[in-house]
Amino acid sequence: MIVMLLNIRGIDSDFEEAYKAYSKSIFNFCMSRLSYNEDYSADCTQQTFLVYYEKLKSGMNIENSRAYLYRIAENYILKKYSEIQKEQQHIESSAELETMNIKASDNSEESILDKISYDELIALFKRTLKEDEFKLFTLKYIEGYKIIEIAQKEGITEQNCSVKLYRIRKKLNEMLIEIQRKEGA
C-alpha cells in the first residue's frame with residue numbers, strides 16, 4: 001500500500017512539474033492552431049493534460065514530456081477540426097435548404113415550408129425529382145456528404161455534381177413557388 005502511495009505521489013509530482021513547465025505553451029499552441037478560440041484552446045489544454053496524467057497513472061514511461069504533450073495536443077486539435085467541419089457542413093446544408101423558403105408574394109407572411117412537415121416535404125421532393133436527382137439531393141442535404149464525396153460515389157466529376165445539385169435546387173424552388181401560387185390563388 002505504501003509503495004502504491006509513493007508511486008502515485010511520484011506520478012503527481014511528475015504531472016505537476018510538466019503542468020507548470022508546459023501548460024502555458026500548450027495553451028498558446030492550441031490558440032494558434034484553433035483560430036485563437038479561447039474555449040477550444042482551454043478544452044484542448046485540459047484534454048492534453050488529462051490524457052498525459054492517465055498515461056502516467058497507467059505506468060507508461062514518458063521520456064520527453066514536452067514532445068509527448070505537443071503530440072497529444074495536435075491529435076486533439078485534429079479531432080476538433082473534424083468536429084467543427086461536420087458542424088459547419090450541417091449548418092451550410094440547413095442554410096441551403098432554408099434558401100428554398102420562398103414567399104409566394106412580398107406581403108405573404110407564411111411559406112409552404114411553414115405549412116407542411118419535414119416528412120411531407122421530403123415525400124414531395126421525392127415525387128418531384130427523378131430517382132437519380134433525389135439520390136443526389138439526399139446525399140447532399142440529408143446525409144451531409146461533401147460534393148467531392150458524392151461525385152466519387154456516383155462516378156461523376158465534382159463540376160457535374162455541382163451543376164446537378166444546382167439544377168435540383170432550382171427545380172425544387174420552382175415547384176415550391178408553383179405550390180404557393182396555387183394556394184394563394
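Let me begin with a word we will need: a residue is called buried when its relative accessible area is under 20%, exposed when that area is over 50%, and partly exposed in between, using a 1.4 Å probe and protein chains only. With that in hand, buried residues make up 29% of the 185 residues in the protein chain.

What you see is a predicted model, in which local features need pLDDT of at least 70 and side-chain atom pairs count only at pLDDT 80 or more, while totals for chains, interfaces and linings use all residues. Residues are numbered from 1 along each chain as its sequence is written, and side-chain values use heavy atoms, with hydrogens and water left out.

How far does the predictor trust its own result? The score is pLDDT, the predictor's confidence in each residue, from 0 to 100; the protein chain averages 78, and 77% of the residues score at least 70. Residues 1-9 stay under 50 and have zero contacts beyond four places in sequence, where contact means heavy atoms within 4.5 Å. Residues 101-109 also stay under 50, but for them the model has 14 such contacts.

Turning to the fold, the protein chain has eight helices and zero strands, taken as DSSP runs numbered from the N terminus, with H or I and at least four residues for helices, and E and at least two for strands.

At what angle do helix 5 and helix 6 pack? Helix 5 (residues 118-128) and helix 6 (residues 131-142) meet at about 145 degrees, with their axes 10 Å apart; the axes are lines fitted to C-alpha atoms over the stretch in contact, and angles run from 0 to 180 degrees between N-to-C directions. Helix 5 brings Y118, I122, F125 and K126 to this contact, and helix 6 brings F134, F137 and I142.

Two of those names return in the largest nonpolar core, whose 19 residues include F125, F137, I168, L172 and M175 as the ones that touch the most other members. A nonpolar core is a set of buried Ala, Val, Leu, Ile, Met, Phe, Trp, Tyr and Cys residues joined through side-chain atoms within 4.5 Å. Helix 5, helix 6, helix 7 and helix 8 (158-184) each give two or more residues to this core, and the largest share, seven residues, comes from helix 8. A second, separate core of 17 residues includes I26, F49, Y52 and Y70.
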